[in-house]
Amino acid sequence: MVAFGKYLQRKQIEEWSGYYINYKLMKKKVKQYAEQIQGGSQHPRHVLKDFSRMLDTQIETTVLFMLEQQGLLSGRLAKLRESHDAILEQPDISRIFELREAYRDVGRDLLQLLKFVELNAIGLRKILKKFDKRFGYRFADYYVKTRANHPYSQLQQVFKHVGVGAVVGAISRNLHELQENEGSFYSIYDQPVLPAQDPVVEAINNAVDKLTFSTNFLNFLAQHALIMQDDLVTPSEDTIDERSYHFNSLLLNLGNTFLYMVNTYIIVPTADDYSMSLGAAATVCGVVIGSMAVAQVFSSVYFSAWSNKSYFKPLVFSSIALFIGNLMYALAYDANSIALLLLGRVCCGLGSARAVNRRYISDCVPLRIRMQASAGFVSASALGMACGPALAGLLQIKFKFYKFTFNQSTLPGWVMAVAWLFYLVWLCISFREPLRDTEDGEKNNRNETTSATDRVESSRVEEGLRLPLLITSGIKPEDEEECDESEESPEDSHKPANSFIEAYRLLTPSVKVQLLIYFMLKYSMEILLSESSVITSYYFSWTTSSVAIFLACLGLTVLPINILVGSYISNMFEDRQILLTSEIIVFLGILFSFNLFVPYTVPQYVISGLIMFVAAEVLEGVNLSLLSRVMSSRLSKGTYNGGLLSTEAGTLARVVADATITLGGYLGRGHLLNATLLPSLVICIGSIVATCCTYNSLY
C-alpha cells in the first residue's frame, strides 16, 4: 500500500501538477503543529487559524484553475457553435458526425476536470481526517460548515457546480440536435420527457451526482430515515435502477409505511377502555400496544432477509397479516377474549414491513431521487403517526350489525382491516417487481452501446467520484483504500454482515452510543404516548376524543420540527452540540413530568410532554443523521444492515416501555406516572453521560 501523496502524484495529470492540493506539504505541517503544541511554542487557536488559512489558499488555487479550465471548455463550445450554425444552413452527414465527435471530446475533457476535482476532494478529506486524528478536535466539521455556505468561500464552487452544469447543458443540447437526425433538427426543450442521453453526457451527470453532497432539508430527512446507501455503487448501476424504477411501486411502498404507522397509533386512545371492557386492568393497554412491537422484533429480521429475493411477496404477506390481525382485534370484543385481542396485535406486528420499505428505497430508487424518496418515507411515517390518533377520535360512534359490534374500541380494527384489503388489491394490480442484478446484467449486455473509449473514461471518473466531500469517515473508494493501511481491504469492505453478532462487531464506540441514544428517545416517547389515555383519564378525566387530539397534535409537530432542524439549526451548530442539547432538554421534559409535591395539572402534563416529545424528535433526526454517516459500509446492504439494527433498537425500546407500563400498573394508577418516568430518567442520564464521555473524541 502506498501513501496518499504518492498515489496523488501517480494519478494526477502532469500538465496540471502545479494546481493539485499540496498534500505532502500539509501533512508535514500537521506533524510540525503537533510538535509545536507539545513543546508549548504554539497555541492551539493559532494552529487552527494558520491551518485554516493554508487550506483556504490551497483550495483557492485549485478552484481558480478549475474555473479557468471551464472557461477554455466554454470557448471551445462557442467555436463549435459557429460550425453548428453553418451546418444548419447546409446539412452534411459527414460534417454532422465530425461535429458530434468534437462535442464528445469536450465532454471527455470535462470528465478529466471532474477527476481533478475529485482527487483534490479526497486530499482535502484525508488531511482534515488526519488533523482531527492527531489533535482530537473536530476541525473538519468546523471547516466545512463555516465554508460550505459562506458567500466568499471557494468551497461553494465545488459544491454548486454552476459552471459544470452550464457546460453539460450545452453539450447535451447540441448533441441531441445532431444525434441520428441526419439533417433534421429538433429542440431538446420541445420534449416533456428527457430523451436518452449520449453516454458521455450520462457519465458526466453521474460523476457530478456522486461528487455532490448537499446539507439541505431533504438530505436531513433522508438521513433521518436511515436509508443505508452503499457509496460503492457505480453510476452505471444507477442507470440500471433508472430503467427498472417504477413510480407506482414507490408510492405503494410509502403507502405501506403510512398505513402501518396509522395502524400502530390508532388504538392508543382507546386501548385502556378496550382492555377494561374485556375484564382486564386499564394498564394492560401497555401489553396490548406493546405486543405489536414484540412481534416486530422478529418480523424485521425475516422481512429484511426476504427482501434479498423479492419486494412484492413480502408486501403481500404484510398486507394479509395486517388484514387478519385487525380483523381479530375487532372480533375480540364480541368474543370477549383478551387473548384474541393480543393475538390480533401480534399478527399485526408480524406484518411490519418497515425493513422492506427502507430496503426498497435504498436498492430500487435511482440516485437522483433517492433523497426525496427517503424524505417521503419520513413524511409518510410522521403523517401516519398524526392520522392514527386523529382517526380514532373521529370513530366515536356505536351500533350493531348482525352479530358484530361497532364502537370506539372495535372500529379502529374494522377500519384498518378494510384499508389493508383495499391496499392489497391496489398492490396486486400496480406493483412491479424490480429487476434483480442478474436480470439487470443481461439487459445491460443486450443494450450495450457505449464505445470503448467512453467506457474507459467514464469508469475512471466513476471510480473516483464515489464519495462526497463532507463524508469524513466510513466508506472509501477502492483506490483510496490503497492509501491507508488502517482501512479494510476492498473484498472485506464489500462483504455484508451475516449475523447480528458480526454486525455488532462492526459497530464503533460512537455508533453504540448513538444506538443507546436512539433506544432512550424511543423508550421515552413510547412511555408518553402509550400511557397517555390512562394518565389523562385518571388525573384529568379526559375523553377518548381529548386524548386523540393531544396525540394528533404531537404527531403534527414532527415535520415542522424536521424542517426547522434540517434547514436552519443544523447549519448553525455542530451535530454533536444539537445532540447533547436535545438530550438535556429531554431530561428536563421527563423531570418536569413527575407528580411530586403539587396537584398534577393539565398545563404541567401538556407542556412537559410537548417539550420531551419535540426534543426527542430533534434528537432522533440528528442521531440518525450521524448514524447514516459513520456506520460501516458493510452495514449498507444484506440482511443485517444498518436500517435493521436501528429498527431493532427502536422496537426493543418500545417493547420494554410497554412492559414497564403494564408492570407499573400493579402499583396502582396513582403511582403509574412516576413509576414509568423513573426508568426514562435513568436511561436518559446514562445516555447523556455516554455522550459527554465520547463528545470530543468520537463525534
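A: A residue is called buried under 20% relative accessible area, exposed over 50% and partly exposed in between (1.4 Å probe, protein chains only). This is a predicted model, in which local features need pLDDT of at least 70 and side-chain atom pairs count only at pLDDT 80 or more, while totals for chains, interfaces and linings use all residues. Residues are numbered from 1 along each chain as its sequence is written, and side-chain values use heavy atoms, without hydrogens and water.

The part examined here is the loop that holds Ser307, between α13 (285-306) and α14 (312-335); helices are DSSP runs of H or I with at least four residues, strands runs of E with at least two, numbered from the N terminus. With a relative accessible area of 1%, Ser307 is buried. The side chain of Ser307 makes a polar contact of 3.1 Å with that of Arg359 (N or O atoms within 3.5 Å, one able to donate a hydrogen and the other to accept it; residues adjacent in sequence count only if both atoms are side-chain atoms).

Phe401, in strand β1 (residues 399-401), is by contrast exposed, because its relative accessibility is 57%. As for the cysteines, Cys684 is buried at 0% relative accessibility, whereas Cys387 is partly exposed at 28%. The structure holds 0 disulfides (cysteine sulfur atoms within 2.5 Å).
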